[in-house]
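Colleague: I would like to go through this model before using it. Please take the questions one at a time and give the cut-offs as they come up.

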Amino acid sequence: MYLLCILVEEVFLLLWPPLQEKVIESCLTFFLYCCNRDINPDVVFEVHNYNITSVDHFSHFVERLRFGSLKSSPVDLVLSCVDNFEARMAINRACNQLGQNWIESGVSENAVSGHIQLVKPGETACFACAPPLVVAEGIDEKTLKREGVCAASLPTTMGIVAGLLVQSSLKYLLQFGEVTQYVGYSALSDFFPTMSMKPNPSCSDKHCCQRQEEWSRRAPLREKEVKKKDNQQPVLHDSNEWGNWTHGYPNTLFSTCYIYFRVKGL
């Protein structure tokens, strides 16, 4: 499986203060790479330290999405962990152009709420289908920030949103459970709203509109696949190499299955 994660450089704010000066002096992206490499040395990392919103870097970014796997094929999933709308729109354009699925994530400026959003070009709403007001009205987000004042930072909120992002990624990649299209989090009320978001036929991103047309044309094929799947009988295994067996009704599928283990000598 090949996963691309775009990180934000302001992660260093969560570091122990004495480390911040050392990190600033060096390349933060490389510092994060070293930390993650030490956590799991079996993972192969490809590090790029640049602004994906610039023309030259955006082209290279699209190229790495298309051929960035170990087999020079498209990546399986893109995780967006950036902190500004401009970067999100750049990721959105690239994924719409390639038809690449990705998961957007974010935390509010007051640090007490956040969300994750699964984006499937043509099937679900992209980031441009229902943009925030600041994006829809073409306001320069840099003008909204006061000089010398940064957004609130609450590591616990970020940790919860990051956990939701990783959990959804695992379910998507390993194909278990249900990956909700949108999951929100409100720390003040401990509320987790979920919703489905349909694409906007009048989306400002032309590639999103193209993907919507492609998705509509494939509708008959999807209906056939659903009917074929419904007609398939569940595969039940009476035995396996581990000596485990299930207790229940063999002709019925349940959401919970009780498993008993046979251990030698017991």
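Modeller: A charge sits over a ring if NZ of Lys or CZ of Arg is within 6 Å of the ring centre and within 35 degrees of the ring normal. This is a predicted model, in which local features need pLDDT of at least 70, side-chain atom pairs count only at pLDDT 80 or more, and totals for chains, interfaces and linings use all residues. Residues are numbered from 1 along each chain as its sequence is written, and side-chain values use heavy atoms, with hydrogens and water left out.

Colleague: Which residue lies over the face of F58?

Modeller: The distance to the ring centre of F58 is 5.5 Å. The residue lying over that face is R93.

Colleague: What percentage of the residues score at least 70 in pLDDT?

Modeller: pLDDT is the predictor's confidence in each residue, from 0 to 100, and its average over the chain is 77. Over residues 7-16 the value is below 50, and this stretch has 21 contacts (heavy atoms within 4.5 Å) beyond near neighbours in sequence. Residues 248-266 are also under 50, with 15 contacts beyond four places in sequence. The share of residues at 70 or above is 66%.

Colleague: How many helices and strands does the chain have?

Modeller: Both are DSSP runs numbered from the N terminus: helices are H or I over at least four residues, strands are E over at least two. The count for the chain is eight helices and eight strands.

Colleague: What percentage of the chain is buried?

Modeller: Buried means under 20% relative accessible area, exposed over 50%, and partly exposed in between, with a 1.4 Å probe and protein chains only. The chain has 266 residues, and the buried share of them is 28%.

Colleague: Why is β5 largely enclosed by the rest of the structure?

Modeller: The strand covers residues 182-186. It is largely enclosed because the number of its five residues that are buried is four.

Colleague: Which strands pair with β5?

Modeller: Two strands pair if DSSP finds at least two bridges between them. Residues 113-119 form β4, which pairs with β5 in the antiparallel sense over five bridges, with I116 opposite V183. Residues 194-195 pair with β5 over two bridges, also antiparallel, and Y182 has M195 as its bridge partner there.

Colleague: What is the angle between the ring planes of Y185 and F192?

Modeller: Rings of Phe, Tyr and Trp (its six-membered ring) pair if their centres lie within 6.5 Å; planes under 30 degrees apart are stacked, over 60 edge-to-face, and the rest tilted. The structure holds two aromatic pairs, one of which joins Y185 and F192, 4.9 Å centre to centre. Y185 is buried at 9% relative accessibility, while F192 is partly exposed at 41%. Their pair is tilted, with an angle between planes of 35 degrees.

Colleague: Is Q181 buried or exposed?

Modeller: Q181 sits in the loop between α6 (155-174) and β5. Among the residues it touches beyond four places in sequence are I116, L118, T124 and M197; the C-alpha atoms of Q181 and T124 are 7.8 Å apart across 57 residues of chain. Its relative accessible area is 17%, so Q181 is buried.

Colleague: How far apart are the C-alpha atoms of A187 and S113?

Modeller: A187 belongs to the loop between β5 and β6 and is partly exposed, at 24%. Leaving aside neighbours within four places in sequence, A187 contacts V112 and T157. From A187 to S113 there are 74 residues along the chain, but the C-alpha separation is 5.7 Å.

Colleague: What is the phi of Q175?

Modeller: Q175 lies in the loop between α6 and β5 and is exposed, with a relative accessible area of 72%. Q175 is not a glycine, yet its phi is positive, at about 60 degrees.
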